[in-house]
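The stops below are given in the order in which they may be selected.

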Amino acid sequence: MELSYYERIGRDNLRLLISHFYEAVKVDPVLLPMYPGDLEAAELRLFLFLVQYLGGPSTYSERRGHPRLRMRHVTFPIDENAKEHWLHCMKQAMDQVAMDDESRAFLWSYFTYTANFLKNR
Ligand code: HEM
């Protein structure tokens, strides 16, 4: 049986990844002003989303419903520059977390694809 990426990367490592990502967001001059409220709550949402997307428990959808990512991002001005900042923060976070090469390549292509898809300016 094939393991899911959730199992391969591991829940603790995903938690670490998202925590490093938000550490970077906290000092990013383009991204930080876009986040409306509680960064800890935002961090939990992104973590649970990723867990679910990678084949782990579907706690995200139990709490938030269908992800509808594009719709949930329309109120944030995501241009090429904001996209680059987001990906830069995620790259920094990924560099701090150990995982196998295939999982790393899969995650990075998912993030770049989705960040492009979420551009709305
Ligand atoms: C392209 C640049 C991006 C920007 C500037 C951006 C910005 C934001 C902001 C400001 C929020 C609101 C924070 C909150 O939840 O309170 C948010 C939420 C979220 N973002 Fe992004 N985002 C980007 C890309 C992505 C990507 C690539 C993904 C997925 C791989 C993603 C997944 C999410 C999720 C799951 C939420 C929470 C949705 C919810 O349940 O409300 N975002 N994003």
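**Stop 1: helix 3.** Bear in mind that the model is predicted. Select residues 39-53, the 15 residues of helix 3. From the first C-alpha to the last, the helix reaches 21 Å, close to the 21 Å expected at 1.5 Å a residue. Next, highlight Phe47, Leu48, Leu50 and Val51, the buried residues of helix 3. Viewed down the helix axis, these buried residues fall within an arc of 160 degrees, so they line one face of the helix. Their packing partners are helix 1 (5-9), helix 2 (11-25) and helix 4 (59-64).

**Stop 2: the nonpolar core.** Which residues have the most contacts inside the largest nonpolar core? Select Leu14, Ile18, Phe21, Phe47 and Val51, which hold that position in a core of 19 residues. Two or more residues come from each of helix 1, helix 2, helix 3 and helix 6 (80-95). Helix 2 gives the most, with 6 residues. Phe47 and Val51 were already selected as buried residues of helix 3. Now centre the view on Phe21: leaving aside residues up to four places away in sequence, Phe21 touches Cys89, Met90 and Ala93.

**Stop 3: two loop positions.** Select Val27, in the loop between helix 2 and helix 3.

Move on to Arg68, in the loop between helix 4 and helix 5 (69-73). Arg68 is not a glycine, yet has a positive phi of about 35 degrees. Arg68 counts as exposed, with 10 C-beta neighbours inside 10 Å.

**Stop 4: the ligand.** Display the 21 residues around the ligand; Ala42, Phe49, Trp86, Thr114 and Ala115 come nearest. Helix 3, helix 5, helix 6 and helix 7 (101-117) each give two or more residues to this shell. Helix 3 gives the most, with 4 residues. Colouring the shell by class shows 15 nonpolar, 2 polar and 4 charged residues.

Note on methods
Residues are numbered from 1 along each chain as its sequence is written. This is a predicted model: local features need pLDDT of at least 70, side-chain atom pairs count only at pLDDT 80 or more; totals for chains, interfaces and linings use all residues. The expected span of a helix is 1.5 Å times one less than its number of residues. A residue is buried if 20 or more other C-beta atoms lie within 10 Å of its own, exposed if 12 or fewer, and partly exposed in between; C-beta atoms are placed from the backbone. The arc is that of the directions from the helix axis to the C-beta atoms. Two residues are in contact if their C-beta atoms, placed from the backbone, lie within 7 Å. A nonpolar core is a set of buried Ala, Val, Leu, Ile, Met, Phe, Trp, Tyr and Cys residues joined through C-beta atoms within 7 Å. A residue is near a molecule or strand if its C-beta atom, placed from the backbone, lies within 6 Å of it. Ala, Val, Leu, Ile, Met, Phe, Trp, Tyr, Cys and Pro count as nonpolar, Asp, Glu, Lys and Arg as charged, and the others, Gly among them, as polar.
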